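The points run from a term used throughout to the overall fold and then to individual residues.

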Amino acid sequence: MTDETPQAETPQVTITVRNNGPYRVEGPIRLVDADGNEYPLTPGKGISLCRCGASTNKPFCDGTHSKLGFQAAERAVREAEGGNS
Ligand code: FES
């Protein structure tokens, strides 16, 4: 007799750091404001979160980063070498 309990499948969330642009978030997520109010999101459709600070539709990216020439192209390997500070 085995004691194998099927593990619940953990929903996968992926956050992609876009070159010179937003954080792309894909997967089953809830996005809430500082008061805990939930933003309406379309299930199955990813979102892009502003990281340049210039969007007029925060927390979402509205494309302004490209007009500003926002630059950021970090790589996970470099972060791992220097530690996660
Ligand atoms: S990252 Fe796109 S507007 Fe800020």
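1. Burial classes. Buried means under 20% relative accessible area, exposed means over 50%, and partly exposed covers the range in between. Y39, with a relative accessible area of 26%, is therefore partly exposed. The coordinates under discussion are those of a predicted model.

2. Overall organisation. The protein chain contains 2 helices and 3 strands, and their order along the sequence is β-β-β-α-α. Of its 85 residues, 19% count as buried. The chain exposes about 6,900 Å², and carbon and sulfur atoms supply 48% of that area. Among contacts between residues at least 6 apart in sequence, 32% join residues at least 24 apart.

3. Aromatic pair. The structure holds 1 aromatic pair. Y39 and F60 form this pair in an edge-to-face arrangement, with 5.6 Å centre to centre and 90 degrees between the planes. Y39 belongs to the loop between β2 (23–26) and β3 (47–49), whereas F60 belongs to the loop between β3 and α1 (64–68), so the pair ties together parts that are 21 residues apart in sequence. As for accessibility, Y39 is partly exposed at 26%, while F60, with a relative accessible area of 18%, is buried.

4. Is P22 buried or exposed? With a relative accessible area of 8%, P22 is buried, because this value falls under the 20% cut-off. The residue is located in the loop between β1 and β2. Setting aside residues up to four places away in sequence, P22 touches T16, V17, S48, L49, R51, C61 and H65.

5. Nonpolar surface patch. V13, I15, V17 and Y23 make a nonpolar surface patch of about 320 Å². V13 lies in the segment before β1 (14–17). At 37% relative accessibility, V13 counts as partly exposed. V17, another member of the patch, is also among the residues that P22 touches.

6. Arginine over a tyrosine ring. R51 lies over the face of Y23, at 5.2 Å from the ring centre.

Key
Residues are numbered from 1 along each chain as its sequence is written. This is a predicted model: local features need pLDDT of at least 70, side-chain atom pairs count only at pLDDT 80 or more; totals for chains, interfaces and linings use all residues. Side-chain values use heavy atoms; hydrogens and water are left out. Patches are made of residues with over 30% relative accessible area and no salt bridge: like charges are joined within 9 Å, nonpolar side chains (Val, Leu, Ile, Met, Phe, Trp, Tyr) within 5 Å. Accessible areas come from the Shrake-Rupley method with a 1.4 Å probe; for residues, only the protein chains shown count as cover. A salt bridge is a side-chain nitrogen of Lys or Arg within 4 Å of a carboxyl oxygen of Asp or Glu. Helices (H or I, at least four residues) and strands (E, at least two) are DSSP runs, numbered from the N terminus. Buried means under 20% relative accessible area, exposed over 50%, partly exposed in between (1.4 Å probe, protein chains only). Rings of Phe, Tyr and Trp (its six-membered ring) pair if their centres lie within 6.5 Å; planes under 30 degrees apart count as stacked, over 60 as edge-to-face and the rest as tilted. A charge sits over a ring if NZ of Lys or CZ of Arg is within 6 Å of the ring centre and within 35 degrees of the ring normal. Contact means heavy atoms within 4.5 Å.
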